[in-house]
Structure formats: C-alpha cells, structure tokens
Amino acid sequence: TSTDATWASLTLTAETYAAARSALIGDAFDLTLRTTIVRPRKAAMDGLRAMHQQIRTAFSTAPAQALHPEVEKAAEYSLLTAVIDCLWGNEDRAGLRLGERNSTVIMRRLYELLDASEGLPLYLIDVCARLGVSRRTLHNACVEHLGLSPYRFLWLRRMQLARQALLRSEPARGAVTKVATDLGFWELGRFSVHYRRLFGESPTATLVRRSSAASMRR
C-alpha cells in the first residue's frame with residue numbers, strides 16, 4: 001500500500017461461526033461453502049477493528065488476565081458478534097421463527113433463564129441460543145418491555161452482579177480484579193469508570209464501605 005497499514009487476522013471454525021450465526025440471527029450456514037468474498041459495511045468493520053484493538057490492548061497489558069476462562073469467553077463472544085455483523089449485518093433476513101412473535105412469552109422465558117443463572121454472567125449469544133430466538137426478536141422484546149437493548153440489559157446485570165460480589169468480598173489485594181474477571185470484564189480501568197458512573201463510587205470504595213459496615217456490626 002502507499003500508506004502505513006496494520007494487519008490482523010482472526011480464525012474460527014465453520015462450526016463455531018455457524019452456531020453463533022444461528023443463535024444471533026436464526027439463519028443456517030452452509031458448511032459446504034469453500035470460499036466467499038464479503039465487503040462489510042464500514043460501521044460493522046469499524047466495530048470489529050475497535051473490539052479487536054480493545055482486546056489486544058487489554059490482554060497485552062495484563063496477559064495473565066486473558067487466561068481467566070470467563071474473560072476469554074466474554075472476549076470471544078464479543079469478537080464473534082462483531083464478525084457476524086461484518087459477514088451478515090445487523091438485520092435479520094431469515095424472518096421470525098415459530099413462537100418468536102409473543103414478546104411477553106419471550107420476556108418470561110428470559111427471566112426464567114436469569115433465575116436459573118443466578119450469580120452467573122450471561123452473554124447475548126448464549127441467551128439467544130438458549131431461548132431459541134434471534135437477536136432482532138430479543139431486541140424488540142427487551143425494548144418494548146424494558147426500554148433497553150438486550151446487550152445493555154445483560155451488561156447492566158453483570159455490573160449489578162459485580163456490586164453484589166464486592167459487597168460480599170473482603171477488602172483484600174486483588175479483590176476488585178477477581179470480581180471483575182469472574183464476570184468477564186477484561187478492561188479493568190473501563191470497568192472502574194463505568195462502575196463509578198452507575199453506583200456513584202469506585203469498586204474499591206464499595207469494598208471499604210462493606211468492611212466498615214461489618215466492623216460497626218461487630
């Protein structure tokens with residue numbers, strides 16, 4: 001090229017892509033295809049580049065953190081979603097599956113899934129797969145009933161789980177890192193910023209306040 005260029009590559013099996021694509025958009029992927037050339041929309045490609053860079057930066061700064069299974073899972077699902085947006089787009093083209101039209105039923109099943117997964121993080125791909133609905137259908141149901149996208153709703157739930165875990169934790173060295181990574185947050189600085197915005201205090205302050213309250217009770 002005539003200007004500076006940065007290259008990156010992502011590799012995933014056809015089976016992994018097919019499962020994620022089916023979960024998010026309800027469309028079967030022909031595993032017999034050999035070669036396909038796709039020109040992604042600019043917004044989708046920019047999103048993939050940004051996500052890839054965030055993960056590279058976070059993991060190069062704290063390589064041990066990348067070995068945490070929940071962080072690995074969260075990062076993989078984020079990249080998978082971004083790849084599918086590039087190769088397929090944000091809109092579902094396969095139509096609604098049977099049973100997807102009743103948003104009240106979908107939300108009831110979503111809350112049943114949340115109850116069954118108490119204390120555990122959930123991600124969009126998993127939720128779509130376990131409920132058997134596409135991302136668009138889940139999005140429409142969540143916006144109708146909650147005024148939030150499912151991605152935002154699940155992210156807020158993880159943040160709330162983090163707060164609950166911090167309120168139960170002893171204020172030891174590495175306690176905040178453990179809570180964050182157990183819930184799939186790989187950018188600890190960004191986690192702290194978002195936590196403060198949501199709850200009006202830093203994660204460390206929550207730990208200290210919990211310890212002070214326990215001391216007063218004793």
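1. Ala-129 is partly exposed, with 48% relative accessible area.

2. How many of the eight residues of H5 are buried? Six are, so the helix is largely enclosed by the rest of the structure. The buried ones are Leu-124, Ile-125, Asp-126, Val-127, Cys-128 and Leu-131. Their cover includes helices H1 (14-25), H3 (69-87), H4 (103-116), H6 (135-146) and H7 (150-168).

3. Follow the chain just past H5 and you reach Gly-132, where phi is positive, at about 70 degrees.

4. Now to the cysteines: the structure has zero disulfides. For Cys-128, the nearest cysteine sulfur belongs to Cys-142 and is 9.1 Å away. A disulfide needs the two sulfur atoms within 2.5 Å, so Cys-128 is in none. Cys-128 is buried, with a relative accessible area of 1%. Cys-86 counts as buried too, at 7% relative accessibility.

5. Finally, a word on confidence. The chain has a mean pLDDT of 86, and 88% of its residues reach 70 or more. Which stretch has pLDDT under 50? Residues 91-100 do, and the model gives them 27 contacts beyond four places in sequence. Where pLDDT is low, the predicted coordinates should not be read in detail.

Technical notes
Residues numbered from 1 in each chain as written. Predicted model: local features only at pLDDT ≥ 70, side-chain atom pairs only at ≥ 80, totals over all residues. Heavy atoms only, no water. Buried < 20%, exposed > 50% of the residue type's maximum accessible area, 1.4 Å probe, protein only. pLDDT = per-residue confidence, 0-100. Contact = heavy atoms within 4.5 Å. Helix = DSSP H or I, 4+ residues; strand = E, 2+ residues; numbered from the N terminus.
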